[in-house]
Amino acid sequence: MQKEFSYPLQIDELGQGEQTYKLRADKEQLQTLAEILQVPAVNSFGANIGLKFQKKRGLLEVYGTVKANLGLISVISLEPFDKDYTAEFKLTFDTNATYEDVYGEDDDIEDDVPDIVYDGRIDLGDIAIEQIALVMEDHPRKEGEEFNAVIEDNEPIKNNPFAALAKLKK
């Protein structure tokens, strides 16, 4: 049984056409995912991923849905809570391109360029983790919580650097 959430695929072993994969994290993998995502807990994590390989063109489409239930801590109340995340994605890999081919001399790339395959393989686990990380909030909070700033001191700041400018204006 693997501990890490890693599902590597060798590109040269893939057949032409479509394939599907169902990934589900076991208990040990959920702990590893919590460390990777830097959250208190990952309660569930799964992905349905499809691949469509066009060997002649060297293009690999990776698409699907990733679902996770994460245990988080609210930045407002500091209370723990659980939240469901769903990420739908579609990526295109160019299996023949190198980094230099795609990013070579042109620093101003505005077109949607395909991802690059390194060492002839991709990792479906890494792709799934990345998709959830992209939809997570930087500052999680429970449903309905709002931050209300309370200013208790209404006295003006004595060493305000703009006070001298205000005097010049008068």
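A salt bridge is a side-chain nitrogen of Lys or Arg within 4 Å of a carboxyl oxygen of Asp or Glu. The model is predicted, so local features need pLDDT of at least 70 and side-chain atom pairs count only at pLDDT 80 or more, while totals for chains, interfaces and linings use all residues. Residues are numbered from 1 along each chain as its sequence is written, and side-chain values use heavy atoms, with hydrogens and water left out.

**Stop 1: the sheet**

Please select the strands. Helices (H or I, at least four residues) and strands (E, at least two) are DSSP runs, numbered from the N terminus. Five strands form an open sheet in the order β2-β3-β4-β5-β6, with mixed pairing; two strands pair if DSSP finds at least two bridges between them. At the edges stand β2 (17-24) and β6, each of which pairs on one side only.

Next, select β4 (residues 59-73) and β5 (residues 80-94). These two strands run antiparallel and are joined by 15 bridges. Together they form a hairpin with six residues between them, and L78 in the turn has a positive phi of about 60 degrees. Within the pairing, L70 stands opposite K83 in β5.

**Stop 2: helix α3**

Select residues 124-135, the twelve residues of helix α3. At 1.5 Å times one less than the number of residues, the helix should span 16 Å, and its end C-alpha atoms are 17 Å apart, which agrees. The N-terminal end of α3 is capped by D123, a side-chain oxygen of which lies 2.8 Å from the backbone nitrogen of G125.

Buried means under 20% relative accessible area, exposed over 50%, and partly exposed in between (1.4 Å probe, protein chains only). The buried residues of α3 include L124, I127, A128 and I132.

**Stop 3: the nonpolar core**

A nonpolar core is a set of buried Ala, Val, Leu, Ile, Met, Phe, Trp, Tyr and Cys residues joined through side-chain atoms within 4.5 Å. The largest one has 37 residues, of which F45, V62, I122 and I132 touch the most other members. At least two residues of this core come from each of α1 (27-37), β3 (41-54), β4, β5 and α3.

Centre the view on I132. Its contacts (heavy atoms within 4.5 Å) include L37, F45, V66, L70 and Y85, not counting residues up to four places away in sequence.

**Stop 4: the salt bridges**

How many salt bridges does the structure hold? There are three.

- Select E137 and K83, whose side chains meet at 2.5 Å, N to O. Because E137 lies in the loop between α3 and α4 and K83 in strand β5, the pair ties together parts that are 54 residues apart in sequence. E137 is partly exposed at 33% relative accessibility, and K83 is partly exposed at 26%.
- Select K142 and E79, with the closest N and O atoms 2.7 Å apart. K142 lies in the loop between α3 and α4 (163-169) and E79 in the loop between β4 and β5, so this pair ties together parts that are 63 residues apart in sequence. K142 is partly exposed at 25%, and E79 is partly exposed at 38%.
- Select K90 and E61, with the closest N and O atoms 3.9 Å apart. This pair links β5 with β4, its residues being 29 residues apart. K90 is exposed, with a relative accessible area of 59%.

How values were computed:
A polar contact is a pair of N or O atoms within 3.5 Å; within protein, one must be able to donate a hydrogen and the other to accept it, and residues adjacent in sequence count only if both atoms are side-chain atoms.
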